[in-house]
Amino acid sequence: MKTLKDVAVGESATIIKIHGEGKVKRRIMDMGITKGTEVFVRKVAPLGDPIEITVRGYELSLRKADAEILEIS
Amino acid sequence: MNLKIALAGNPNCGKTTLFNSLTGSTQYVGNWPGVTVEKKEGRLIRNKDVIIQDLPGIYSLSPYSMEEVVSRNYLVNEKPDAILNIVDGTNIERNLYLTTQILEIGLPTVVAINMMDAVDKNGDKIDIEKISKTLGCRVVTMSALNEEGVFEAANACIEAAKEPVKECPHVFSGSVEHALAHIEESIQDKVDKQTLRWHAIKIFERDKEDYKSLHLSEDLLSHLEEHIKDCEEEMDDDAESIITNQRYEYIQKLVSTSVVKKHEKGKLTTSDKIDRVLTNRVLALPLFALIMFVVYYIAMGPLGTFLTDWTNDVLFGEIVPGAVDGFLSSIGVIDWVKSLVIDGIVGGVGTVLGFVPQIAILFILLSILEDSGYMARVAFIFDRIFRRFGLSGKSFIPMVVGTGCGVPAIMSCRTIEEEKDRRMTIMLATFIPCAAKMEIVLIMTQAFFEGNALIATGMYFVGIAIVVVFGIILKKMNIFSGDPAPFVMELPAYHFPSIKGIFIHVWERVKGFMIKAGTIIFLACIVLWLLMNFNFSLQLVDLEESMLKVIGEKIAFIFAPLGFGTWQGAVASVSAEIAKEQATATLGMLAHAASEDEADVVLAIRSLFNNNSWTGLSFMLFNIFNAPCLVAIATAFREQGSFKWGLFTFIFQMCVGYTLALCTYNIGMFVTAGVFNIATIFAFVLVLVILILLFRPVKKN
């Protein structure tokens, strides 16, 4: 399974499924990362985690551990 | 007749700026009952009958965060007369997500599209008519920063409150609508017609917060559960996700037909360029250090020191006492009352107000960093470190501010969204030694360690170690455990902060500090002064014969296991709670040095602690790493939002300081002098307990 964690900086991917459950999943989806959304990985924080992505036209930061539940095509 | 308008919207949508414009100086700031979420209320400037209720900035009405629960309970149970939903026009897709949820509550709603100046500047076009028609509510545009259209938005709410609410938009697809219709049918006699849709969706999402309040029978719930399960199977997803997905699909469709973005892909905005530098892999950390240095240089450097010294030494040292003295003498008040007023009240309250200039400057600078969007990046940069002990990058700022003063450190915890993290950070931030505690370090190192500067540096490391160790221990406790807080944080575009907004914000904080901390300190000062100057027959006496000495003797046994179980040690520790730097003055007073000469004072203090370095170290550790001074304790009580949590914070901090001093003193004496007694056993047991708490495996539920 390929996840958002595997996407290199400067590349885009389309989310096909969101794994996990409860609070973290709900929060991620509330922020607009839903099935079929295209996200662009902008950068990695200076210490290697978290990452910054562009989704629905705004910037969002997200830990790599959370990026792992986002399956991409 | 009073009309209530609730302001709802995402964080960073300009809600606070709008609230300030609408209410001017009539705001009331407090907390929502029992939680650390801020509650703001005010009256509309041009129409005092209208009350504006500001709700916390939220992304959704899910039941997962305190802010969201507070907002939805308010909207659903208190039923304001109208909702003004602020939408950031430059980020319309995600902002409308909350709008779809708000409309389901069934209250008169006006959508105000904000930041129109930025939208126009970007060359984007928004079809207001189309959005209004699709959503079935009034839609207005405004620019809260330029105060354009703000009162028109409020008037639209007043108008909307008089009209019947239209049916809410059809967001969901066939099979979901089918399930929702079933749920609506079976609960329609239990809820208002207006809120029917809201409750139906909540039941579909299996939102326990909501259906607990409806008291539905087991039979009905299991019947509805079948419908939900059918729908989930058909859509191959869980109910919550189905709803979220369909909301965004609906919005995407609406936005694609009503918003035209003048898109220039690949072109970097100014904000992008700034961000490239500030979060650069190599430059991020040095730049952060530089920015923090500048903040400190301004707040604690020449300007801050001048203002603090002036407030303490001139305003409350000469001008106010002089004036009060003159006034009291002129009306012929007796001496002890004069002393109470001047030494006790003016002196004590002066100490509190002495904090104000530095707090104000620190807050102005921190607000600029916060408003400009830099704080979010700081959290982004440091998250990796703080996550290791269960906090997020947002806890970093209070710790940094804490090196200056614990009071603004605790107050700056408000920017932490997650309630558990916020409570924990309030409990931990003051372990980082503040400027006043450094005075204790200074005098004790002079007395016992030949003024070795490494001791002072070492104290910062001990502080950091305490934050890390007890951060991990607290996180493993039941009250703080549970789902890890997701660090899914918006990084807003950098922009120039609004000067007016910053001043209102800083004034709110400073005012709150002066009122709440001021009243407690005022009382404490009177009590302490009475204890210091009177004996139990209420005669005016010297400190050596005062009630304080008797009390000190009574409580000295508490400090015996720490090595300084004398009345002087007890009194100095108690006075350190009034203000940490007070401990040095008290020690000086109690030590009876041969002269004012520093060498003599240091010698006298040594003898106060039996010339034993372990005793001196123990006293220093206890007073630095126990609860902070009274002003900071009062602030912690206020910011924790409940007496229970305030007390828990205080007891926790006292235990940490006591344990640290006890273990250091007794283990030190055992290793270097072979002293072994019951306290030594205690010390080893405590070390063991801390190690167990630290390394115990976490139960996964």
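Reader: Which elements of chain B make a right-handed β-α-β unit?

Author: A crossover is right-handed if, with the strands pointing away from the viewer, the path from the first strand over the helix to the second runs clockwise. Here the unit is made by E5(B), helix H3 (residues 92-104) of chain B and E6(B). Helices (H or I, at least four residues) and strands (E, at least two) are DSSP runs, numbered from the N terminus. This is a predicted model: local features need pLDDT of at least 70, side-chain atom pairs count only at pLDDT 80 or more, and totals for chains, interfaces and linings use all residues. Residues are numbered from 1 along each chain as its sequence is written, while chains are lettered from A and ligands numbered from 1 in the order in which they are written.

Reader: In which sense do E5(B) and E6(B) pair, parallel or antiparallel?

Author: Two strands pair if DSSP finds at least two bridges between them. E5(B) and E6(B) pair in the parallel sense, over six bridges. B:Ile83 stands opposite B:Thr109 in E6(B). E6(B) also pairs with strand E8 (residues 138-141) of chain B, in the parallel sense, over four bridges. There, B:Thr141 is the bridge partner of B:Ile113.

Reader: Why is E6(B) largely enclosed by the rest of the structure?

Author: Start with burial. A residue is buried if 20 or more other C-beta atoms lie within 10 Å of its own, exposed if 12 or fewer, and partly exposed in between; C-beta atoms are placed from the backbone. Six of the six residues of strand E6 (residues 109-114) of chain B are buried, so the strand is largely enclosed. Both faces are covered. One side has B:Thr109, B:Val111 and B:Ile113; the other has B:Val110, B:Ala112 and B:Asn114.

Reader: Is B:Asp88 buried or exposed?

Author: B:Asp88 is found in strand E5 (residues 82-88) of chain B. B:Asp88 counts as buried because it has 23 C-beta neighbours inside 10 Å. Two residues are in contact if their C-beta atoms, placed from the backbone, lie within 7 Å. Leaving aside neighbours within four places in sequence, the contacts of B:Asp88 include B:Asn10, B:Asn114 and B:Met115. B:Met115 is 27 residues away in sequence, but 6.1 Å away in space, C-alpha to C-alpha.

Reader: Where is the kink in helix H14 of chain B centred?

Author: The bend at a residue is the angle between axes fitted to the seven residues ending there and the seven starting there. In H14 (residues 302-330) of chain B, the kink is about 40° and centred on B:Leu315. The buried residues of H14(B) are B:Gly304, B:Thr308, B:Thr311 and B:Phe316. B:Gly332, with a positive phi near 70°, follows H14(B).
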